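Open your viewer and keep the selection tool at hand.

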Amino acid sequence: MSSLSLVAGNCGRGNGTDDQSFEFGWSSYFGKHLFTSHFRKNSFRRLNEHWSKSLEGSRIGNGNRFYVAAKIKKGKKHDYPWPDDIDPNISSGYLTYLSHFKPLDEKPKPVTLPFEKPLVDLEKKIIEVRQMADDTGLDFSDQIGALENKYQQALKDLYTHLTPIQRLSIARHPNRPTALDHIFNITEKWVELHGDRAGYDDPAMITGIGSMDGKSYMFIGHQKGRNTKENIFRNFAMPTPHGYRKALRMMKYADHHGLPIITFVDTPGAFADVKSEELGQGEAIAHNLRAMFGLKVPIVAVVTGEGGSGGALAIACANKLLMLENSAFYVASPEACAAILWKSSKAAPKAAEKLRITAQEHYRFKIADGIIPEPLGGAHSDPVWTSQQIKCAIIEAMEELTKLDTEDLLRHRMQKFRSIGGFQEGIPVDPERKRNMKPSEVNMLKAADIESDLKNLKKRILEAKMPSDPITSKAIAKLREDVEKEITDTFISMGLQEKNLSKPGAYLGLKQKLEKLNEVNRLLELKEKTEKLKQEINQKVPAEVKAKMKILNTAQDKLSKGDPLDKDLLEEVAKVKKELMEALKSANLEILGVLSSKIEELKAKIAKGSSSSEVAKMEAEIKEKIVAALDAAALKEKVENVQVELQSFLETTTEDKVPG
């Protein structure tokens with residue numbers, strides 16, 4: 001578009017006045033100018049790069065003429081689509097200049113998939129050995145060769161036994177070659193066509209004409225981005241209704257001119273936003289499905305990545321469906337399927353296996369007509385080799401299809417899709433078939449198991465010498481993790497965030513685990529209090545008492561081993577016992593001798609796992625009797641937290657273990 005400037009001036013003569021002129025301009029096509037019709041009917045002349053014309057009948061009052069001059073100014077030159085330095089000797093591929101798709105300035109960063117991590121260690125070792133060889137100048141060729149052979153063998157073993165979810169991760173690899181990558185690798189000439197003739201050109205759907213081995217084909221495909229910026233521009237290969245209508249327009253164009261159609265499928269699905277639904281997303285896909293079965297030219301579809309639902313099928317109703325070795329075709333993504341059936345996307349590997357999404361499964365069920373091999377490591381490890389394999393498969397399929405006439409070609413396409421799936425006749429179906437819809441009980445603990453685990457935990461807590469028993473801590477952590485996981489899964493799957501879980505018989509396993517966890521927490525609190533009491537007792541007991549306790553412990557050890565006690569030791573033990581009793585009486589603590597039986601009974605109830613209400617009641621009784629027997633507030637505090645346990649220990653040790 002050029003800029004047209006008009007200059008109007010008073011070209012008078014004989015009046016001696018200065019010319020008065022004005023200039024106005026606008027951007028317009030010359031054929032649509034206000035004075036175009038006048039310029040066509042009358043001649044005009046060029047002066048000093050200006051076009052001027054004397055308008056008839058236009059005169060000023062003083063008899064002067066009114067002239068209009070126009071000058072065409074050159075606009076800013078755009079370097080698209082043809083560059084200035086194009087090679088004049090180029091023999092093929094020159095139409096690539098008509099595409100926005102250019103090589104990236106920087107190579108994409110390598111991406112390691114989760115299951116490929118074992119190969120990373122071998123790569124690091126190879127790099128380290130090579131670096132060592134460069135630094136030292138020594139010959140490590142044998143070691144490097146052995147590591148490389150080991151790496152190749154590990155790579156072969158890994159990619160020979162891939163699971164469906166692993167193949168899907170390869171199909172979604174960020175560096176996997178896109179549709180335009182394959183097109184540029186297999187065509188000699190290529191020109192991209194744009195627009196749906198309805199006001200928009202969807203970048204997620206690419207169309208164009210290219211030639212292979214001298215024959216022209218119509219190429220249509222989903223286009224993913226090679227980086228974040230391109231993915232946003234391409235909408236992650238999720239077309240809108242405009243994209244499917246653009247594809248349909250090109251299919252009809254190819255059908256009219258007799259061009260065979262080649263489609264590349266690589267999309268998670270159609271873009272299902274509100275605007276797309278308002279513009280008729282479902283209608284556009286359905287129109288494509290119906291129209292493709294009536295096209296009179298051969299159609300070959302190649303699944304290069306992932307094909308999701310109707311968004312992929314809208315350009316895949318072909319005579320031949322070919323799939324790359326690590327591609328996937330599905331009606332719903334494994335993540336969506338797992339979220340629907342198992343209430344969690346973590347079950348995606350299981351869903352991928354059940355959905356039969358791989359190329360091998362599609363070929364076995366005769367949905368795919370061929371599997372195109374990929375190099376070890378996936379198509380992104382050698383894109384050019386993969387593209388050549390695609391080209392060979394397409395040419396072979398086209399040679400077979402071009403031998404069919406129009407009627408046979410249409411029948412071939414219809415029969416391909418009619419043969420997918422199957423049915424059986426004559427087998428009665430039970431209309432009231434019962435289905436087990438109960439939640440899975442694989443991980444649910446039984447009542448006997450819970451009681452056994454609870455008993456073992458109680459025993460370990462009571463017998464533990466230290467407050468942090470690693471075995472007990474691990475078991476409690478596992479129990480808490482199980483409870484939290486079951487609560488989370490239950491709330492998410494059943495929507496019970498605001499509902500009552502106290503319904504009789506509901507979630508019995510969850511309730512048992514919660515009760516078990518509460519009991520364990522209570523025992524831990526009691527254990528912590530016991531340890532605290534022991535520490536306080538050790539701090540408050542004087543050295544003389546500790547020496548006397550040592551004598552008693554020595555006598556107890558000999559008795560436990562069956563050794564006889566000599567006369568001196570017996571006298572000393574009796575003396576110590578008498579002194580301790582007198583000391584306790586002087587401290588007004590003789591009440592503990594009366595309450596020792598109560599304390600023992602309390603310990604027995606705790607060991608048996610009695611209810612918390614019974615234990616609390618007995619503790620209250622003991623405290624009331626102690627408080628009633630004591631007057632001083634300081635003595636009350638000592639009895640409650642320290643000396644109760646000390647006196648109980650001394651009484652039981654001296655009376656039961658040592659002969660009098």
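Where does Lys 366 lie? Select Lys 366: it sits in the loop between helix 13 and strand 13 (370-372). Helices (H or I, at least four residues) and strands (E, at least two) are DSSP runs, numbered from the N terminus.

A note before moving on. This is a predicted model, where local features need pLDDT of at least 70, side-chain atom pairs count only at pLDDT 80 or more, and totals for chains, interfaces and linings use all residues. Residues are numbered from 1 along each chain as its sequence is written, and side-chain values use heavy atoms, with hydrogens and water left out.

Stay on Lys 366. Its phi is positive, about 65°, although Lys 366 is not a glycine. Lys 366 is exposed, with a relative accessible area of 67%. Buried means under 20% relative accessible area, exposed over 50%, and partly exposed in between (1.4 Å probe, protein chains only).

Next, select Arg 356. It lies in the loop between helix 12 (348-355) and helix 13 (359-364). Phi of Arg 356 is also positive, near 60°, in a residue other than glycine. Is Arg 356 buried or partly exposed? Arg 356 is partly exposed, at 36% relative accessible area.

Now go to Gln 166, in helix 4 (residues 164-171). Gln 166 counts as buried, at 18% relative accessibility. Show its contacts (heavy atoms within 4.5 Å). Leaving aside neighbours within four places in sequence, Gln 166 touches Phe 115 and His 161.

Last stop: Asp 568, in helix 20 (residues 567-586). Asp 568 is exposed, with a relative accessible area of 56%.
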